[in-house]
Structures are given as structure tokens and as C-alpha cells.
2 protein chains.
Amino acid sequence: MNTHPLDKALALAHSDLQVGLFTGATSPDYWNMVGPFGGTTAALMLQAVLRHPDLLGEPVALTVNFAAAVLEGAFEILAVPVRTNRSTQHWTVQMSQAGADGKTHVTTTATVVSALRRDTWGANDLPMPEAPPPTSVERISLGPARAQWIHQYEMRPMTGMLPPEWDGGGDASETRMWVRDAEPRTLDFAALAALSDSFFPRVWLRRARPVPIGTVSITTYFHAEGALLSEIGHGFLLARAVGQQFRNGYFDQAAQLWSESGALLATSNQIVYFKE
Amino acid sequence: MNTHPLDKALALAHSDLQVGLFTGATSPDYWNMVGPFGGTTAALMLQAVLRHPDLLGEPVALTVNFAAAVLEGAFEILAVPVRTNRSTQHWTVQMSQAGADGKTHVTTTATVVSALRRDTWGANDLPMPEAPPPTSVERISLGPARAQWIHQYEMRPMTGMLPPEWDGGGDASETRMWVRDAEPRTLDFAALAALSDSFFPRVWLRRARPVPIGTVSITTYFHAEGALLSEIGHGFLLARAVGQQFRNGYFDQAAQLWSESGALLATSNQIVYFKE
């Protein structure tokens, strides 16, 4: 049986040195232009918490800060439960790596909130946009040749893919697409964390101009329990993203992911550096 | 000259023990029902970074996790620049306090990204909603008697204040209001961080039912430079907030704050625990 590329990318070994310390390595399958796909890095930060023996409940919130480029090769992740309450738990997480200078550097920081969730009243006030059935929408496989991660997703965009020409003529930044892992895999929190970052940079669409960019921080809220994610299995998600403000080198992206049946699984926001 | 209540609340003393370690105390002026107003706590976490001698640039992103109740009295905040790049800097911040057991506990964690911003192309794709002039909207001073913080703000809501009756009959959670410090003070990043949390709990509006709540995590992106905030001075901000998903004990809130002339100054998201 083959291991799924995402499970390979998320493979972490417990270190003997300390509880909560894990070792892993970057995945060629999810390589981006000049480093790993940020979605996999975010998923790894969460995975260290999910693998921690003291975990309470399931993730509710994840913030990941991309402090420096992650280099190809080995890394360490340390997950620390800084506060455990009756039904919530607060985590700090750091990824570090040996740099070119031989010293260890922090490349990524994160915070996670996990919680025991209870049945309560509920309402979805952000309904899924109307969309044609997934299989009626054409699958694309675009993207720069070196961006391997794109090939790990089955993307069927209704609107807002890369502009047909880089002519500086863009006027909107919204994308709506059906998306799921290209190779079948049952949905879980780590996969959802990665999917929350599976959009092209909004500024490329908005300007029809491929300026250099880099996400500096992403925050994802999980609105579903693990059992619901399992039920969705390898189903499509409707993923929507839009940029709201572009100004002096930074823009934000607001994103939402629904199950095909309309359950809002995650809302995610990120802030992204852009040049020029 | 009187010190502004917010400046009193944000007063931090450098500790001799360590660079980046500050001491402060909770403010009676911003007391909430059972602890300090979360907006002031968020602002304090940011303030420790702003006061750090090694700060690079201005804040771009702030995530604050409310790990435990902050008790009345003294606290410590430690701000650490974990990574400094050419134009960005990544911070981790922790607030701790002596607990009832005499031991020191972490009450709050945060991450901050600061950056040197440059003039670039820009666009505001989230225009300010149409609204009547601030002074034509009636000022309110509602809220539970013990929630002192409410009195520190001049709030002029167009829509979505507390329901007239707690009759379980709500159907929407959007608030739009003009807001500014009640006592005049020039806008800055710390004030904006606090204002981003100046909304009543969405679930109270949505259900017309005052269930117990508590924010667990808030993330604010700053889309403006300090110079622009200074120019706004004591001007009104148009503040909008809406809940998107309420499910099994947690709901999110998406918020935006514009200057009166329509500049989008901050976008903010939070996830909030609710009971029942």
C-alpha cells in the first residue's frame, strides 16, 4: 500500500530529547517555487500538536507565522501546551532548522487552540455560494513548472484562476473552486489546514501581474469536528478566496471552505507581502 | 494634564531582569464583567512589542490567544523578537501572572509581525458601507453595569446593538457603528487593536439571548501606517462586525474598521466560546 503524499509530508518522528519535540523533513511532492508549500508547513505545525500525547480535544484555531524561508531538508518542531483548562488548551509551536551558517534558526512560529466541543445551538450565516456540480467544472493543472504542490490538488475553478494574460488588466481577486486532494485521502484537520492555503496569490489575479509575494501569517478557524471531516471523506470542498485590502507591500486574503453539502468547515485569513 | 485612561491601561515598566520583559497592572477603567476588556489585553501584548528597543518597522499582524482569565492586579509581559529579517520581524509574546496558588501562570500568548512598509500599488476592494454622518447617529451607553470599558468608547450604532428584549428571537448578527475613544486621544496601533475587539458578542445579537461567552483567539491585520493613524487623530471609525458560523460551542466574528474618509485601517477575526 502506498503512503499518501500528504502523509509522507506530515511524517514526524518523536524525539527522545523532549516530549513535544518532533523531527521531519520537507517534501518534494509539495515543493513550491523557492520553498515548501506554505499549506504543508501550516499543516505540520498543527500535526505536531495533534501528535502530542497531552492533546485535549480538537483544534479550533491555528495561526502560523512564516518567519523565514524553510530550506530543503530536515527540521524540528517543538509543540508546548502552555495552558490546559477544563475544556480548552493553548499551544505554542516553533519550527527550526539548521541554516547555511550551521546554526539553528526559527523558521516558523504558531499558536493553536484546541477544545473539547459540545453539542449546542448553531447556525451557518455564511451559506455556500451557488455552484455547478464539481464534475461539471473542468479540472485545471496550471502553475509554474516548479510548483509541485499544485499537482497534489484536484482543482476545478468556477471563477478567478490565473489571468489568461499578464497584461496588468485585472480588476477583481475572487476565486471560487471545487478542490480536494488529487490522490484520494480522507479529510482531516491537517489536510484542511493545508487546503486553506491552496489559492494563488490574490495580487496576481487583481493586477494580472506576477509580482513576488510571500505569506507572512495565516489564521484558520475550524468550524467542524473530526467526525464530520471523516464523513466528508474524499469529497470535494467549495473553496472561496478574496483579497480585501492591498496597500504598501501587504494584502490580506479572506477564505472559506464548505463541504459539498454546504457545511462551513473552515474560515481562514492571511496577510501576504508583495513587492512593488 | 490628565493621562488618558487607555495610556494608563497600557502603562508598562521595563524590568531590569531582561530586555523585553515588562510589568504592568490591570485597569479598572477597562474592566469587563469578570476580567479586563479583551481589547485592552490585546493592545497590551502589542504595546510590549512597540516598546521593545529592537523593534523593526510597524505592526502588520497581531494574534492574541486568551489562555486563561486575567486576574485583577499586576502582570508581566515578555516580548521576544524570534526572527529579524531585512524588512520583517517576528515576535512571540506572553503575559503571565501569579495565580491564586502563588505560582506564575501564562494567561495570554500572542504573535506579532512587524515590517518596514514601502510605497506600492494599492487598492481597497472592501469599501466602507454607506452610513449617515457620525454626529447624526445617536450615541449609546449600554451594557452591563460592571462593564466599565463600554464607557471608554463613544459608540454611535446604525444597526445591530443589543436586542431590545432577550426573547430568543434574533435572526442576524451584523453591527455597524461609528466609534472612537470617549475621551479624545490620537489613534495609534494599540488603540486600533483594542477597537477591533469593541463589539458585543455576536451570539447575543444572533439569538437575543445573553449566553456566557469568552473570546479564545483574535487576529488583527493592520492595513495602515502609523502616520495615517495619527492624521485620523480623534476621528470616528466605522466599525462593522458579523458572525459567520455558530457551531458546537464556538462562533467566529469578522470585523472591519474604516476611517471616516473610507480608508480600511484594520480587518480582524476572532473565535469565541459560547455556552449552550
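A polar contact is a pair of N or O atoms within 3.5 Å; within protein, one must be able to donate a hydrogen and the other to accept it.

**View 1. Polar contacts between chain B and chain A in the predicted model.** Across this interface, 37 residue pairs are in polar contact, both residues at pLDDT 80 or more. On the side of chain B that touches chain A, the residues divide into 23 nonpolar, 25 polar and eleven charged.

**View 2. A salt bridge between D125(B) and R206(A).** The closest N and O atoms of the pair are 2.6 Å apart. Between chain B and chain A the count is four salt bridges.

**View 3. The buried area between chain B and chain A.** The two chains bury about 5200 Å² between them, and 54% of this lies on carbon and sulfur atoms. W121(B), Y221(B) and N248(B) supply 14% of the area that chain B buries against chain A, more than any other three residues. In contact are 59 residues of chain B and 59 residues of chain A.

**View 4. Strand pairing between β7 of chain A and β11 of chain B.** Strand β7 (residues 123-124) of chain A pairs with strand β11 (residues 237-247) of chain B in the antiparallel sense, over two bridges. Opposite N124(A) stands Q245(B), in β11(B).

**View 5. Superposition of chain B on chain A.** The same surface serves both copies, with 100% of the contact residues of chain B recurring in chain A.

Technical notes: Residues numbered from 1 in each chain as written. Chains lettered and ligands numbered in written order. Predicted model: local features only at pLDDT ≥ 70, side-chain atom pairs only at ≥ 80, totals over all residues. Heavy atoms only, no water. Contact = heavy atoms within 4.5 Å. Buried area = accessible area lost by both parts, 1.4 Å probe. Salt bridge = Lys/Arg side-chain N within 4 Å of Asp/Glu carboxyl O. Polar contact = N/O pair within 3.5 Å; in protein donor to acceptor, adjacent residues only side chain to side chain. Nonpolar A, V, L, I, M, F, W, Y, C, P; charged D, E, K, R; others polar. Pairing = 2+ DSSP bridges. Helix = DSSP H or I, 4+ residues; strand = E, 2+ residues; numbered from the N terminus. Least-squares fit on C-alpha atoms with pLDDT ≥ 70 in both.
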